[in-house]
Every structure is written in C-alpha cells, then in structure tokens.
Amino acid sequence: MSKELEKNQEQATENQVTYLPKADVFLKDDGARILVELPGVAKDNLTLEVKKGRLQIHGKVKPPEHGTKIQGEYGVGHFRRSFVLSEELDVDSAQAKLEDGVLEITLAKHPEALPKAIKVS
C-alpha cells in the first residue's frame, strides 16, 4: 500500500493538493485561535491569506531524504486548508507563528463585538 501512495504523490502536479493537515479551532470571548499541524514545513513554503471572509492556508512539504522509504505516512507535497471567519473577527489583528511543526494563528474580535458589562444603577 505504501508504494501505491508513494507513486500517487510522485504523480501529483505542481498545484495539486496531496494532503490535508490536521487543525483545531478554538473560540474565546476575545477572539479565535487556530492550530494547524505542519511538520516539516518551512516558513518560506507557507502562504496565509484572507479572501472573502475565508482564511486560506497553503504550501508545500518537501519529502525528507533519509534513504529508501519502506512505509509512508508522513504528509508530503502540496497542502491546503480553508476556514470561514466570523464577521466578529478582526482580520487586521491576525498574527501567525510557526514553531515545532505547529502553525498558530490568532485573531482578535472587533472591539464592538466584545462582551460589555452593563452597570446597574
């Protein structure tokens, strides 16, 4: 089975998505946090952009060169993930960091979307 997967990955065209990285999305009162599992991805091979209310993440993982592969489960090739963003989130506040194979994206809510306490007189 691994030889068949390897053959399919080798036949992938330059723009073809070959795998979908795992992701977790967390919502808090003040914003959102997205974690994407991207082992082996270099910052130079990673693109993040927001288009029409969608966060799009795409890039490429180069296969490691460690000799003859006898089993393959590691995601290599082109990947893409997309997330619909709530209108409450401030795209201009977006921050992203790639560390230890995990991409972390944080987005704050617009100030007017934050919960407000109402003082009772």
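**Reading the fold**

Reply: From the N terminus on, the elements of the protein chain run α-β-β-β-β-β-β-β-β. Helices (H or I, at least four residues) and strands (E, at least two) are DSSP runs, numbered from the N terminus. This is a predicted model, where local features need pLDDT of at least 70, side-chain atom pairs count only at pLDDT 80 or more, and totals for chains, interfaces and linings use all residues. Residues are numbered from 1 along each chain as its sequence is written, and side-chain values use heavy atoms, with hydrogens and water left out.

Me: How many helices and strands does the protein chain have?

Reply: One helix and eight strands.

Me: How many bridges join E2 to E3, and how many join E3 to E8?

Reply: E2 and E3 pair antiparallel over six bridges. A hairpin of two residues links E2 to E3. Asp24 stands opposite Leu35 in E3. E3 and E8 also run antiparallel, joined by seven bridges. Ala32 faces Leu107 of E8 there, standing opposite it.

Me: What is the order of the sheet with mixed pairing?

Reply: That open sheet of four strands reads E1-E6-E5-E4. E1 and E4 (46-51) stand at the edges with a single partner strand each, so one side of each is left without a neighbour in the sheet. The twist averages 40° from one strand to the next. E1 and E6 run parallel, joined by two bridges. Tyr19 stands opposite Phe79 in E6.

Me: What should I know about side chains in a strand?

Reply: In a regular strand they alternate between the two faces of the sheet.

Me: How do I read a core, and which residues of the largest one touch the most other members?

Reply: A nonpolar core is a set of buried Ala, Val, Leu, Ile, Met, Phe, Trp, Tyr and Cys residues joined through side-chain atoms within 4.5 Å. Buried means under 20% relative accessible area, exposed over 50%, partly exposed in between (1.4 Å probe, protein chains only). The largest core has 19 residues, and Leu38, Leu46, Leu55, Ile57, Phe79, Leu103 and Ile105 touch the most other members. E3 (31-37), E5 (54-61), E6 (77-84) and E8 (102-108) each supply at least two residues of this core. Across the protein chain, buried residues make up 26% of the 121 residues.

Me: Which residues does Leu46 contact, leaving aside neighbours within four places in sequence?

Reply: Contact means heavy atoms within 4.5 Å. The partners of Leu46 include Leu38, Ile57, Phe79 and Leu103. Val41, His58, Gly59 and Leu98 are also among them.

Me: Now Leu20: buried or exposed?

Reply: Leu20 is exposed, with a relative accessible area of 57%. Its place is in the loop between E1 (17-19) and E2 (23-28). Not counting residues up to four places away in sequence, Leu20 touches Arg80 and Arg81. The C-alpha atoms of Leu20 and Gly75 are separated by 8.2 Å, though 55 residues apart along the chain.

How values were computed:
Pairing = 2+ DSSP bridges. Axes fitted to C-alpha atoms, helices over the stretch in contact; angles between N-to-C directions.
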